[in-house]
Amino acid sequence: MSITVTLPDGNSLELADGATGADAAAAIGPGLARAALAVELVGGGEPNAETVAVARHELGVRDLARPLPDGAAIAIVTKGSGQAALELMRHDAAHVLATAVMELYPGVKISIGPAIENGFYYDFEFPDGVSISEADFAAIEEHMRVHIKSAEPFERVDIPVAQARERFVTEGQDYKVELIDDLVSAADSHTPLETVSLYTNGPFTDLCRGPHAPSTASVGAFKLQSVAGAYWRGDSTRTMLTRIYGTAFFSKQELQEHLERLEQALARDHRKLGRELGLFFFSDLSPGSPFWTPAGMVIWNGLTELWRAENRKRGYREVSTPILYDAELWKQSGHWEKYRDNMYFTEVEERPMGLKPMNCPAHIQIYKEQRRSYRELPIRYSEAGLVHRHEPSGVLHGLLRVRHITQDDAHIFCTEEQVQSEVVECLRFGFAIYELFGFPVRLELSTRPDQRIGSEELWDRAEGALEGALRSEGLEFELNPGDGAFYGPKIDLHMTDSIGRSWQLGTVQLDYSMPERFDLKYTGADNAEHRPVMIHRALLGSFERFIGILIEHYAGELPLWLAPVQAIVLTVSERVRAYAESVSDELLQRGIRAELDERDESIGRKVREAELRKIPFMLVIGGREAEQGTVAVREHGSRRDDQERSGAQASGEAAEALTIDQFVARVLDAGGAVPVGRPSQAPDGHEV
Ligand SMILES: [Zn+2]
Ligand SMILES: [Zn+2]
């Protein structure tokens, strides 16, 4: 008897019955056998006389030591396998962490220890009187290193549930006992749970589904990072456990780079900078909803001006709609059924009403207000639309995760024939906007989710249309199955910021369902009634989140056109006050956001403070400037768009003397005005 498996290159491999992932790797070559960490089942053959299709639940990464099902399509996981390999290894590292902690702290209780996005953690209950801090990390890491060096194999056993339970009862591992009891009660009554899997490495045994690498030697460069309290099962009525976070990479260099990025991100945290620069704040009086200060509103208004002009240029017409609606509207739109948990409801004169979580049903009302002809299409409505979405307080995060969201929203109503070109135009619009901020863009196509409205046929059409638009432009994209909106598939626009983090900003969503639900129509050239198609799109995402991202991207040194104060006039002495006031007034008159610092402080101190506020231009006014009618210009120490000049400034060279006219020209030259109507480049280099 033998089995056949398919490899990523399409070749098939014949192996003895019962062959494992390790056998498959060895059959391919000795190098791969050494490098193999696990095996991934990526699919199964079509069932026929010889092969049985691999069950869906068997897909995924599994131990090298487990037998392979006949007909499986497999890929050997090595260090080079990207995220799958990192996750596997970080889970290994979590077990090694628990191994070390149990050695160092007898009596500690273990709970769970998964890999997470950028590392891993393990939750412990330390014995009474023992508390852990970062000061203990060195000793724990030292023990971890010993276990990694000894390359202890991860050995899996599948044992009867009762036996596993007894073992953990004897060991006093209450959390493991509870986990087993939960697994038993969650199991289907038709197929009760018979066995559970345990993994042992060296002295440590854990209840664990796996998979794991062959041994602890897989764990590369690692570091323990922090300690936090975490309720058992996230339930605030249960015990508060101690969570130790760590991260691990296959190489020292990758770990180093990651730690450096974290440090940079910390220095750029928009919540910290927002406070220091006085841009916005949050209050417990309205959780998840920012209060914008006058300085913050300068940024907001600059973006709004850009948004409005760019939309107008592309044939969008601005609308404004209410935020509170009769619940009946949300029933008709499907939000009641699919999105209610994210919405806020109230009662007004005994009518149940809900705050809009999306602007679409509102724009639909404007479309429906009149009879529509094919001659009017496409109709493009834009709105800086204020929506509210419930986010649990635990996940609120500065401007990046709020409940009060102002979307740069738009809805396009068009004919079926116009869909592709409208989608293409939306993408180009996005590219033009991101280019202004120097963001490289990455596209993802997300298809039908489990929770959805609309027939399969509509979904087929909508997904086909979006893919067609991407292909027609020759744009590269990643497929993200199951992540579409409940009413339609979408193309998401992701960008990468200056420290390499990826953010989803824009979205272009195609929708055949809402027009059905709201019975939207237009009269065609044939005089008959037709159904328009709806495109939902936002490019910045929301003004709140976009500003948060910009602050981090620029580390608070916003482009000149968004800087709350563009120039600060600094007096050297009391005698030049009148002239300084006239300079600051004139700048304001000429549209430059100027401020005057005429305090009785040393000029050195005034410059330092202006530097801390990251004000792009400092205009020093002394006796000579007052006499000659000039200003002495200093630029902010590290302005990124002006590296050369600022380099000279930072090294202490004398400030430059300019007349007011020259200075105003300099500001405009350096991009001091909202960049509307600037030609911009699509990623392929064509002008759009
Ligand atoms: Zn585990
Ligand atoms: Zn919408």
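## Zinc ion, ligand 1

In sequence, the residues that donate to the zinc ion (ligand 1) follow the spacing H-x3-H-x112-C. They are His91 and His95, each through NE2, and Cys208 through SG, with distances to the zinc ion of 2.0 to 2.3 Å. The model is predicted, so these distances are computed from predicted positions.

The pair His95 and Cys208 links distant parts of the chain, 113 residues apart. His95 belongs to helix H3, residues 83–104. Cys208 lies in the loop between strand E11 (204–207) and strand E12 (221–231). His95 and Cys208 are both buried.

## Zinc ion, ligand 2

The zinc ion (ligand 2) is coordinated by SG of Cys360, NE2 of His411 and ND1 of His536, at 2.0 to 2.4 Å. The spacing of these donor residues in sequence is C-x50-H-x124-H.

His411 and His536 are 125 residues apart and link distant parts of the chain. His411 sits in strand E21, which covers residues 404–414, and His536 sits in strand E28, which covers residues 533–542. His411 and His536 are buried.

## Salt bridges

Side chains of opposite charge can pair when their charged atoms come close. The count for this model is 51 salt bridges.

One of the salt bridges joins Glu171 and Arg167, with 3.1 Å between the closest N and O atoms. Glu171 has a relative accessibility of 41% and therefore counts as partly exposed. Arg167 is also partly exposed, because its relative accessible area is 33%.

Arg531 and Asp519 meet in another salt bridge, at 2.8 Å from N to O. The two residues are twelve residues apart and link distant parts of the chain. Arg531 is in the loop between strand E27 (529–530) and E28, while Asp519 is in the loop between helix H15 (513–517) and strand E26 (522–523). Arg531 counts as partly exposed because its relative accessibility is 34%. Asp519 has a relative accessibility of 37%, so Asp519 counts as partly exposed.

## A further pair and a network

Arg605 forms a salt bridge with Glu601, and the closest N and O atoms of this pair are 3.8 Å apart. With a relative accessible area of 38%, Arg605 is partly exposed. Glu601, at 30% relative accessibility, counts as partly exposed.

Elsewhere, salt bridges with shared partners join five residues into one network. The members are Arg448, Arg452, Glu456, Asp460 and Glu463.

## Surface patches

Glu254, Glu257, Glu260 and Glu263 form a negative surface patch. Glu257 is part of helix H7, residues 252–268. Because its relative accessibility is 36%, Glu257 counts as partly exposed.

A nonpolar surface patch of about 220 Å² is made by Leu183, Val184 and Leu193. Val184 is found in helix H6, which covers residues 174–186. The relative accessible area of Val184 is 39%, so Val184 is partly exposed.

Methods: Residues numbered from 1 in each chain as written. Chains lettered and ligands numbered in written order. Predicted model: local features only at pLDDT ≥ 70, side-chain atom pairs only at ≥ 80, totals over all residues. Heavy atoms only, no water. Patch = residues over 30% accessible without salt bridge, like charges linked within 9 Å, V, L, I, M, F, W, Y side chains within 5 Å. Areas by Shrake-Rupley, 256 points an atom, 1.4 Å probe, with all protein chains shown as cover. Salt bridge = Lys/Arg side-chain N within 4 Å of Asp/Glu carboxyl O. Lys, Arg positive; Asp, Glu negative; His and termini not counted. Charge placed at Lys NZ, Arg CZ, Asp CG, Glu CD. Helix = DSSP H or I, 4+ residues; strand = E, 2+ residues; numbered from the N terminus. Buried < 20%, exposed > 50% of the residue type's maximum accessible area, 1.4 Å probe, protein only. Donors = N, O, S within 2.8 Å, 3.2 Å for Na, K, Ca; no water.
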